Amino acid sequence: MSILSSLANRDRVFDFLVPAESPVDVRHGPILYLEDVTVSFDGFKAINDLNLTIDDGELRCIIGPNGAGKTTMMDIITGKTRPDSGKVWFGSRHDLLTMNEPQIASLGIGRKFQKPTVFEALTVFENLELAMAADKRILPTLTARMNGEIRDRIDEVLLTIGLAELRERPAGILSHGQKQWLEIGMLLMQRPRLLLVDEPVAGMTEQEMERTAELLTGLAGKQSVVVVEHDMGFVRSIARKVTVLHQGSVLAEGSMDQVSCDPRVVEVYLGAEAEEEAV
Ligand code: ADP
Ligand code: MG
């Protein structure tokens, strides 16, 4: 029995039933809009009057020293953390602050966490197949046509993530980098409109980093991609527009060249490096 049919028997429904075009409205503005967002943890403002606008199809890099609020920002966008104040909109139709995590995910916002969480005992193909599953309603049977559509989508994603030749191998044998790509592929199965990717190249080899740069730049345009990354060389290799976060706010924004010449950015990064050396 295939993974899909066994899941179907366990009362799952599959996300290909959701139309490829999510209902996000970007006709009159950005795909993601954060205004004056603030969140405190025990009185400490992890995010402090943050303003951020991401255009449809844009690839944006967010950089900033440890503790700048990068992960917290993603937590807010995905509904994991509620801000104390501010606005968070997905297109002009969806106020994300009125929605919970599953609702936000179903709008087409996919998040890639730092650590890969693929199912090691399953094949690459099965991992992608599983990514179609979503426990919403009961779907007792899958028609042949639905199966065919899923298979086509898996083939397409396998090519995108460069794992077509490893499709029948267990995910456990993949390198760290390949696991990261597989997980990006699992997100792509749902045809997201916005992908949030947290530190994708941590622990990767140079070659894997290059391949990841190609993958992410190739995804942009088809969907919007927000990449949080520490590795400046990597950011330089993919970046169009860069946002520098510091103490929960935007410190600088512009091209990589523009922000890396900005004296405030230099100071923050040199300060962070000095701290790291001191530890
Ligand atoms: P970054 O991802 O840029 O390194 P984070 O968003 O993880 O930064 O953290 C920003 C700040 O908020 C840090 O000082 C961190 O310790 C604090 N923080 C994040 N999440 C929590 C939480 N759930 N409770 C308390 N403090 C938190
Ligand atoms: Mg982080």
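A polar contact is a pair of N or O atoms within 3.5 Å; within protein, one atom must be able to donate a hydrogen and the other to accept it, and residues adjacent in sequence count only if both atoms are side-chain atoms.

## The model

This is a predicted model, in which local features need pLDDT of at least 70, side-chain atom pairs count only at pLDDT 80 or more, and totals for chains, interfaces and linings use all residues. Residues are numbered from 1 along each chain as its sequence is written, chains are lettered from A and ligands numbered from 1 in the order in which they are written, and side-chain values use heavy atoms, with hydrogens and water left out.

## Around ligand 1

Start with the backbone. A polar backbone atom of alanine 68 sits 3.2 Å from an oxygen atom of ligand 1. For glycine 69, the distance from a polar backbone atom to a ligand oxygen is 3.0 Å. For glycine 67, a backbone N or O atom lies 2.8 Å from an oxygen of ligand 1. On its own, ligand 1 has 560 Å² of accessible area, and the protein covers 59% of that. Such areas come from the Shrake-Rupley method with a 1.4 Å probe; for residues, only the protein chains shown count as cover.

The shell includes Phe41, Phe44, Pro65, Lys70 and Thr71. A residue is near a molecule or strand if one of its heavy atoms lies within 4 Å of it. Two elements give two or more residues to the shell: strand 3 (44-54) and helix 2 (70-77). Helix 2 gives the most, three residues. Helices (H or I, at least four residues) and strands (E, at least two) are DSSP runs, numbered from the N terminus. By type, the shell has five nonpolar residues, five polar and one charged. Here Ala, Val, Leu, Ile, Met, Phe, Trp, Tyr, Cys and Pro count as nonpolar, Asp, Glu, Lys and Arg as charged, and the others, Gly among them, as polar.

## Aspartate 198

Aspartate 198 belongs to strand 9 (residues 194-198). Is aspartate 198 buried or exposed? Its relative accessible area is 4%, so aspartate 198 is buried. Buried means under 20%, exposed over 50%, and partly exposed in between (1.4 Å probe, protein chains only).

The side chains of aspartate 198 and threonine 71 make a polar contact at 3.0 Å. Their C-alpha atoms are 7.3 Å apart, although 127 residues separate them along the chain.

## Helix 6

Helix 6 covers residues 176-188. Eleven of its 13 residues are buried. Among them are Trp181, Leu182 and Ile184.

How values were computed:
Expected span 1.5 Å × (residues − 1).
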